[in-house]
Amino acid sequence: MRLTIFRDYGWLLYSLVIRDLRGRYKGSVLGFFWTFLNPLLLMLTYSIVFGYFLQVNAPAYPVFILSGLLPWIWFSTALLQGSTSILEGASYVGKTIFPTPVLPLVPVLAGMVNYLLSLPLLLLLLLAFRLPLGWGLVCFPVLVLIQALLLSGLTMALSALSVTFRDTQHLLGHIVTILFFMMPIMYPLTAIPERARWIVEHNPLVGLFYGYQQIFYYGEVPDPRRLLWLLVLAVAVFYGGQFTFNRQSESFAEHI
């Protein structure tokens, strides 16, 4: 199936993503506006804690936070929801006409749409703090593609493993929290002591989220070599996740 899964089941994915987005805030008074309110409230909270109380040294700190926080919300939400997608979609498992690999992809694509829809909030902050957008914006689609492929591979693998090892979803929640605080999203790389900086710099996810910050906050063009390495890694994770999913899918019916 490989990357053609997005083409072969495009209409099905589109339908499921639309259903997911419509059901996300169904019954709430503000509905779609939570797309902006959720990251806005988080940004305000982190700005007070890190920018005022801990006095992180970063000009236009709300822009710094939001440029990394928005893609992180996409990453963490898609990962957590995708890891349980097969268990929650158990009614589809075993039906020969339904392609189960699309289930873990739905949170990834829905999260991507939600991320893109929340970008106007970041653009408004850029205008408020008079930060210009540079040529780095050309690399933005590449970062989105890298993150989508990376998440697709991870969610396929984790959703398959969660069927057999139910502790996966509980452990994943703690891992996501640890990753968040170990990445320079709330603080710049320069705030990390030199002796410990290598731990963060060797985390491939740091390169991904720092790339977003380079585009929107620093007004820089991300390093093309780093982008190429991240793209190769994302493709490898995608195929690895698909391989894991295909191997585990044969035993889904007996474990659900």
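1. **Ground rules.** Since this is a predicted model, local features need pLDDT of at least 70 and side-chain atom pairs count only at pLDDT 80 or more, while totals for chains, interfaces and linings use all residues. Residues are numbered from 1 along each chain as its sequence is written, and side-chain values use heavy atoms, with hydrogens and water left out.

2. **What the record says.** The UniProt annotation "transmembrane region", from an unreviewed entry, covers residues 29-54, 60-81, 102-129, 135-159, 171-189 and 227-245. UniProt positions are in the numbering used here, feature names are shortened, and annotations may be inferred rather than shown by experiment. Now compare two of these spans with the model. Residues 102-129 are 86% helix and 0% strand, with end C-alpha atoms 41 Å apart. For residues 171-189 the figures are 63% helix and 0% strand, and the end C-alpha atoms lie 27 Å apart. Helices here are DSSP runs (H or I, at least four residues), strands are E runs of at least two, and the numbering goes from the N terminus.

3. **Helix α4.** Where is the kink in α4? It lies at L69, shortly before the proline P71, and is about 25°. A bend at a residue is the angle between axes fitted to the seven residues ending there and the seven starting there. Of the 23 residues in α4, 19 are buried, where buried means under 20% relative accessible area, exposed means over 50%, and partly exposed is in between (1.4 Å probe, protein chains only).

4. **Helix α6 and what comes after.** α6 has 24 residues and reaches 36 Å from its first C-alpha to its last, close to the 34 Å expected at 1.5 Å a residue. It bends by about 30° at S118, and the proline P120 follows within four residues. Just after α6, R130 takes a positive phi of about 55°.

5. Most residues other than glycine have a negative phi. R130, in the loop between α6 and α7, has a positive one, and so does A60, with phi near 50°, in the loop between α3 and α4. Are these two buried or exposed? A60 is buried, with a relative accessible area of 17%, whereas R130 is exposed at 77%.

6. **Aromatic pairs.** The structure holds 20 aromatic pairs. Rings of Phe, Tyr and Trp (its six-membered ring) pair if their centres lie within 6.5 Å; planes under 30 degrees apart count as stacked, over 60 as edge-to-face and the rest as tilted. Y61 and F64 make a stacked pair, 6.0 Å centre to centre with 20° between the planes. Both sit in α4, 3 residues apart, about one turn of the helix, and both are buried. F140 and F216 are edge-to-face instead, at 5.6 Å and 75°. This pair links distant parts of the chain, with F140 in α7 and F216 in α10, 76 residues apart.

7. F216 is buried, with a relative accessible area of 3%. Contact means heavy atoms within 4.5 Å, and F216 touches V63, S67, Y115, L119, L122, L126, L133, L137 and F140, not counting residues up to four places away in sequence. The largest nonpolar core has 75 residues, and W74, Y115, M186, F209, Y212 and F216 have the most contacts inside it. Such a core is a set of buried Ala, Val, Leu, Ile, Met, Phe, Trp, Tyr and Cys residues joined through side-chain atoms within 4.5 Å.

8. S152 lies in helix α7 and is buried, with a relative accessible area of 1%. Leaving out residues up to four places away in sequence, S152 touches F6, L105, V108 and F238. F98 lies in the loop between α5 and α6 and counts as buried at 15%. Beyond its neighbours within four places in sequence, F98 is in contact with L12, L16, Y92 and L103.

Conventions:
The expected span of a helix is 1.5 Å times one less than its number of residues.
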